[in-house]
Amino acid sequence: MVGKTNDFLIVSKDILPEAILKTAKAKELLVKGDVYTINEAVERVDLSRSAYYKYKDGVFPFYEASREKILTISLILENKAGVLSHVLNFIASLKGNVLTINQGIPLQGIANVSISLETAGMDDIPENLLNGLGKITGVRKIEIIGQT
């Protein structure tokens with residue numbers, strides 16, 4: 001349809017209906033090659049074919065929506081030497097292309113940082129990038145504040 005745009009939301013899995021979660025799981029089984037047909041996939045996750053077809057075009061993992069996009073994240077970092085450097089090195093290790101970095105003046109031992117990065121050339125999915133950043137010592141909080 002000409003002029004049609006898709007509106008997307010990032011929603012926690014915890015609040016989604018079971019049919020949507022099962023549709024996502026069925027699609028994942030197909031992509032990974034664990035099953036070869038839609039029939040096998042829906043049987044494996046105990047979902048009706050009609051529910052699968054109803055939701056299949058509107059359900060996809062976060063990383064699929066974020067591939068080849070610009071992702072902007074907000075981080076709260078401890079004001080310690082090397083924390084931001086570790087964050088940037090981790091992004092670089094996954095071949096994320098940092099476009100901008102904005103850091104506020106540290107107050108009360110923490111600094112607010114926003115980073116925009118291009119995900120097109122990354123070796124891993126953005127979900128794993130966020131999980132890995134969260135494991136870095138000195139990273140207190142991570143939020144996605146935008147994506148294009």
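## Basis of the model

The structure is a predicted model: local features need pLDDT of at least 70, side-chain atom pairs count only at pLDDT 80 or more, and totals for chains, interfaces and linings use all residues. Residues are numbered from 1 along each chain as its sequence is written, and side-chain values use heavy atoms, with hydrogens and water left out.

Helices (H or I, at least four residues) and strands (E, at least two) are DSSP runs, numbered from the N terminus. Two strands count as paired if DSSP finds at least two bridges between them.

## The sheet

Four strands form an open sheet in the order S2-S3-S1-S4, and the pairing is antiparallel. Its edge strands are S2 and S4 (139-147), each pairing on one side only. On average, neighbouring strands are turned by 20 degrees against each other, direction ignored. Axes here are lines fitted to C-alpha atoms, for helices over the stretch in contact; angles run from 0 to 180 degrees between N-to-C directions.

Helix H6 (residues 126-134) packs on this sheet. H6 touches S1, S3 and S4, where contact means heavy atoms within 4.5 Å. The direction of H6 makes about 155 degrees with that of S4.

## Strand pairs

S1 (residues 70-78) pairs with S3 (residues 110-118) over nine bridges, in the antiparallel sense. Ile76 stands opposite Asn112 of S3.

S3 also pairs with S2 (residues 97-103). These two strands run antiparallel and are joined by six bridges. Val98 has Leu117 in S3 as its bridge partner. Thr100 is bridged to Ser116, also in S3.

S2 and S3 form a hairpin with six residues between the strands. There, Gln108 takes a positive phi near 50 degrees.

## Positive phi in two loops

Asp46 sits in the loop between helix H2 (38-45) and helix H3 (49-55). Its phi is near 60 degrees, a positive value in a residue other than glycine. Is Asp46 buried or exposed? Asp46 is exposed, at 61% relative accessible area. The classes are buried for under 20% relative accessible area, exposed for over 50%, and partly exposed in between (1.4 Å probe, protein chains only).

Lys95 lies in the loop between helix H5 (83-93) and S2. Lys95 is not a glycine, yet has a positive phi of about 65 degrees. With 52% relative accessibility, Lys95 counts as exposed.
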